[in-house]
Amino acid sequence: MTSVSELQHTTGPIVLAGAGKMGGAMLTGWLAGGLDPARVVVIEPMPSAEITALAARGIRLNPAAPSPAEVVIVAVKPQMFREAGPALKPWVADTTLVLSIMAGTTIASLQNVVGGAVVRAMPNTPAAIGRGITVAVPASDVSAAQRALTDALLRATGAVEWVDDEALMDAVTAVSGSGPAYVFLLAEELARAGIAAGLPEALATRLARDTVSGAGELLHRSELSSATLRQNVTSPGGTTAAALSVLMGPDGFQPLLERAVAAATARSKELAT
Ligand SMILES: NC(=O)C1=CN([C@@H]2O[C@H](COP(=O)(O)OP(=O)(O)OC[C@H]3O[C@@H](n4cnc5c(N)ncnc54)[C@H](O)[C@@H]3O)[C@@H](O)[C@H]2O)C=CC1
Ligand SMILES: O=C(O)[C@@H]1CCC=N1
């Protein structure tokens, strides 16, 4: 896992607003990477048992007296933002970095509702194990130091890509933000197909889970393209070729994923406020 040692050069509080599935995954990544819990403030009206337990490690949960922080991470639902956003203002000075991971919500909206120097980002849940990928786009007034701080925070949870064009964020959300769900669905459906082919449920589930995670790890470690790795499994005239003739057919993965990504992209645009 990437070290968060660069974060140790900064001293201010790190405020996480919304410690649900994604905010919680990022916090887990930061703490696993060595971030001092005493620097973390969590604002969360319905903290999970895990988040509540972190208070014993020094995290401040829902403190009564807000004061401007070095960075505020906004990880509430986009639909909640209009209600939750104004309450974050006391944590934000002009010099505060406001790092939003909300789908759809634009930089302009964050500037209007919360203020600060805004970076809009789209992470994904493998952040919890330091294997996420995040795409970030900065507002024009974000300083080099704030960009470096953002980069350190996000790299503590995995890879980071920076873009200049905010319009790309809808498709980014559809590919990498939502993408882990597509992979987990693949594991679910591969198991179900195994059961339909006659395997006991426990064995089918184990085979699907280990195949998806093992293939993912191979893809991660290998320098070969995914197409080459696929071809390496495929013996001419063999079993894989038989399956791929279905999966790469006219109603196979390609048109299906194209439709799925288009639907997610459209939804991200609808969520824009
Ligand atoms: N779940 C995912 O894979 C990803 C989610 N996101 C974004 O992350 C954000 C959060 O999504 P999830 O974690 O999935 O949702 P979630 O529902 O698990 O987390 C949202 C949290 O915000 C809390 N909350 C509600 N009102 C609040 C307030 N006024 N102040 C502070 N916290 C408040 C809720 O209690 C909840 O724990 C969304 O904007 C989503 O678009 C981005 C990338 C991936
Ligand atoms: O489903 C959602 O809207 C969020 C954004 C990307 C992943 N989860």
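## Close-ups of a predicted model

View 1. Of the 55 residues in the largest nonpolar core, V15, L16, A17, V72, I73, V74 and V98 touch the most other members. A nonpolar core here is a set of buried Ala, Val, Leu, Ile, Met, Phe, Trp, Tyr and Cys residues joined through C-beta atoms within 7 Å. A residue is called buried if 20 or more other C-beta atoms lie within 10 Å of its own, exposed if 12 or fewer, and partly exposed in between, with C-beta atoms placed from the backbone. This is a predicted model, where local features need pLDDT of at least 70 and side-chain atom pairs count only at pLDDT 80 or more, while totals for chains, interfaces and linings use all residues. Residues are numbered from 1 along each chain as its sequence is written, and chains are lettered from A and ligands numbered from 1 in the order in which they are written.

**View 2. Strand β1, covered on both faces.** In β1 (residues 14-17), I14 and L16 are buried on one side, and V15 and A17 are buried on the other. Helices (H or I, at least four residues) and strands (E, at least two) are DSSP runs, numbered from the N terminus. β1 pairs with strand β2 (residues 40-43) in the parallel sense, over 4 bridges; pairing takes at least two bridges found by DSSP. Look across from V15 and you'll find V41 in β2.

**View 3. Zooming in on L16.** Leave out residues up to four places away in sequence, and L16 touches G23, L27, V40, V42, I73 and A75. Contact means that the C-beta atoms of two residues, placed from the backbone, lie within 7 Å.

**View 4. Around ligand 1.** Here 26 residues surround the ligand, and the closest are G18, G20, A84, M102 and A103. To count as near, a residue needs its C-beta atom, placed from the backbone, within 6 Å of the molecule or strand. Helix α1 (residues 21-32) gives the largest share of this shell, 3 residues. By type, the shell splits into 17 nonpolar, 6 polar and 3 charged. Ala, Val, Leu, Ile, Met, Phe, Trp, Tyr, Cys and Pro count as nonpolar, Asp, Glu, Lys and Arg as charged, and the others, Gly among them, as polar.

**View 5. Around ligand 2.** A103, T173, G177 and S178 surround this ligand. Their tally is 1 nonpolar, 3 polar and no charged.
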